[in-house]
Amino acid sequence: MSSIRVRLLTVLVLLCGFVTVAGASPATAATPAVPSGSLWFDGTPLTVRGGRFLDGEGREVVLRGYNVSGETKLEENNGLPFASVADARTSATALRALGGGNAVRFLLSWAHAEPVRGQVDTAYLGAVTEQLRVFLDAGIRVYPDFHQDLSSRYLFDAGSWYTGDGAPGWAVDAGNYPRESCGICLFWGQNITQNAAVQQAQYDFWHNAHGLQDAFLTTAQAAMTYLRQHLSEDEFAGVVGFDPYNEPYAGSYDSGQTSRTWERDLLWPFYGRFRARMDAAGWQDKPAFVEPNLFWNANISTQRQEGGLLDAGTLGPEYVLNTHFYDQKAISGILMWGKAADGQYASDFAAVRDHASAAGTAAMVSEFGHPLSGTVSDKAPTVLKAMYQALDSRVPGGSWWTNPAASGPVLSGSQWQWDLYSGRHHELMNGNPDKVLTSGDGWNGEDLSAVKSDGSGNAALRQDARLLDRIYPSATAGTTLAFTYEDRSRDGSATLTWNPVPSTLPDVARLVGSGRYGLLVWRSGSGTAPTELHLPAGFPATATTVVSDLGTVHGPPAYTASTPVGVAPEPGGTGSRRLLITDTDSGVLHYALVTNGATAPSADLLGAAGSELAAWAAAHF
């Protein structure tokens, strides 16, 4: 869910589940070829080592993409992200070619996976698998997420102002909860802390009242087992891991309990049990993407609660520190009057890096975003630019060139959200035929989708392509030391330039001009696979210039094993492309500037810019 929630108030796990299955009988696993456009180093499974995602060639991998999608929270497509496999294919192709993504968080519904207690619906799991497979075939990595917001839609009735998603109706019936009421709530997220029915349902789940947590874990294991059995080995290699539970919160705390002790005594043991279910389902080599208490990193001090899985110790390769970030001040319309600026979220995302580092694991920001309509939508261009900037580096643009070594790791992230049906829904809110929701996301007044259908079956971006389709180091052959990207995205008619090339590098500034640029600095590893950077659609090879110690070229050629700097399609046949840079050493400093600035740079300018970058890199690393 998107965290639009300005709250003005402040033992052994069973290795097989005792369930029966309902629906269609399981189909045999499809075995399509690996994604088209794949090269010898593509398609290997990811692992977590040394606080990074690594592929089978030992390259550091950055996952960027979107949540697919909030449609799962609705009933109009029976808890699926798409009405059809064809729609899933349209979405996946656009996500790769227009949105620049290489990974998605793929939402699942417990209510639809287990509509009757103890009966897993394999027809639903089969449909999930077919839609998920489309993204894998497009070369997009996937991490599924059993999603919930406000515990369950079944807590709400036809006359309710709000709705939820997650737990099945039978789980709500077991609790005999009071009639839901949020009182005077201006934002749906206030239900989390002000609606007694939501609070009690959350509390019951974490205390395993009525066996709810046991039932969920059994269904989750069945879903993971189904996916493992019905995806081919090549397809399953593209599944990164699993997100067990969206935005966990206690509901209410026991006497003497704090947010931190709740994480230690209830949340972390749940993740241990989920981890055991993953192992039993054949996911033992894939991490669980575990979220702390959802308030641990709130950017309003009165809402923040101590947490971040501080007492879990070293997470290691079995877990990824998974978190969300929304600017609740900006969303409030009250606590931030202006727009976001350079470095706005540097400290917020630095905290994510620091927590992951202390836990000995990689980090994933699995939700971030901002409303695209309504009274605060004017902030969206700057808020999203600042969030992507903070994912790229912990150093603001204004000081990046003088302090690049402090950049820290490039963070992986999934923007909320990628909903092909944005603005074209037909959702009967809480089953009420008199409350048909069509606008935005079709859910609690939200509108955050970066994409929509144009009415002719084609996908179209709702945000600036310069902002979304970005250069980023999708795979670094060695250790990333620093990265920045100046997207020059627009806020209305204004061009946002937060990281201009400094006047101390005049030839680099001339080369970049008014164009976009990315700069990666890394130390080579011992592998032989090249470093990859995603090339946005606005960087056709004929207009792209690369200045690197490994090769300088305007209009890089097609990649070959003997080409140090070349362009190749990204796997999946969607038309998206990547820049491949090959080194033949180990432990050596390298850099690469990629720009679409100067249209026909001279050899003298390229040489002068290269000399400036070489001196700059030597001085700062």
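Hi everyone, let's start with aspartate 55, which counts as buried because its relative accessibility is 5%, where buried means under 20% relative accessible area, exposed over 50% and partly exposed in between, with a 1.4 Å probe and protein chains only. A quick word on the source: this is a predicted model, where local features need pLDDT of at least 70, side-chain atom pairs count only at pLDDT 80 or more, and totals for chains, interfaces and linings use all residues. Residues are numbered from 1 along each chain as its sequence is written, and side-chain values use heavy atoms, leaving out hydrogens and water.

So where does aspartate 55 sit? Its place is the loop between β3 (52-54) and β4 (60-61); strands are DSSP runs of E with at least two residues, helices are runs of H or I with at least four, and both are numbered from the N terminus. Beyond neighbours within four places in sequence, aspartate 55 is in contact (heavy atoms within 4.5 Å) with Thr44, Pro45, Leu46 and Val61.

Now the other topic, the sheet. Five strands form an open, antiparallel sheet in the order β18-β21-β27-β23-β24, and two strands pair if DSSP finds at least two bridges between them. At the edges, β18 (478-486) and β24 (551-554) each pair on one side only. Within the sheet, β23 (residues 545-548) and β27 (residues 589-595) pair over four bridges, and valine 547 stands opposite leucine 593 in β27.

Thanks, everyone!
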